[in-house]
Amino acid sequence: MTGAARGQGAAEAAALRAEGATVIATDVLAADGVRPLDVRSLDQWTALARFLEETYGRVDAVINNAGVTGRDRLPDIDLDTWETTLAINLTGPMLSMKTLVPLMPRGFGTV
């Protein structure tokens, strides 16, 4: 689960754990029980996939919770902010699927 250091992500992780799920919580922010992960980094996703495969052998579900909003309006949109927003909100989930879906049993798994 991405974006799990606080707010909705932390609440979702706690709820899933309360139901007996094994949750690997990740976030770019440091927090107890949260594995560091910048969703924009293919290298970090690849390292996470390797850890999950070595430790658990498979992935049953992925929750792409990390996200940011861009509040600037045209014509004041800053290009760097735009690109960061797209990288977190679009590229991050794509990288999760690229690296973790191959660890899901065929015909089983949820993103």
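Biologist: Where is the place of Leu 90?

Modeller: Leu 90 sits in helix H3, residues 79-100. Helices here are DSSP runs of H or I with at least four residues, strands are runs of E with at least two, and both are numbered from the N terminus. Please keep in mind that this is a predicted model, where local features need pLDDT of at least 70, side-chain atom pairs count only at pLDDT 80 or more, and totals for chains, interfaces and linings use all residues. Residues are numbered from 1 along each chain as its sequence is written, and side-chain values use heavy atoms, with hydrogens and water left out.

Biologist: Which elements does the protein have, from the N terminus on?

Modeller: The order is α-β-β-α-α, which comes to three helices and two strands. Helix H1 covers residues 7-18 and reaches 17 Å from its first C-alpha to its last, close to the 16 Å expected; that expected span is 1.5 Å times one less than the number of residues. Just after H1, Gly 20 takes a positive phi of about 100°.

Biologist: Is Leu 90 buried or exposed?

Modeller: Buried means under 20% relative accessible area, exposed over 50%, and partly exposed in between, with a 1.4 Å probe and protein chains only. Leu 90 is exposed at 55%. In the protein, buried residues make up 30% of the 111 residues.

Biologist: Which residues make the nonpolar surface patch?

Modeller: A patch takes residues with over 30% relative accessible area and no salt bridge, joining nonpolar side chains (Val, Leu, Ile, Met, Phe, Trp, Tyr) within 5 Å and like charges within 9 Å. The areas come from the Shrake-Rupley method with a 1.4 Å probe, and for residues only the protein chains shown count as cover. Here Leu 74, Ile 77, Leu 79, Trp 82, Leu 86 and Leu 90 make a nonpolar patch of about 620 Å².

Biologist: How many salt bridges does a search of the whole structure find?

Modeller: Side chains of opposite charge can pair when their charged atoms come close. A salt bridge needs a side-chain nitrogen of Lys or Arg within 4 Å of a carboxyl oxygen of Asp or Glu. The search finds two. In one, Arg 40 pairs with Asp 38, with the closest N and O atoms 2.8 Å apart; Arg 40 is partly exposed at 40%, while Asp 38 is buried at 18%. Asp 60 and Arg 58 also meet in a salt bridge, at 2.7 Å from N to O. Asp 60 is partly exposed at 32%, and Arg 58 is partly exposed at 44%.
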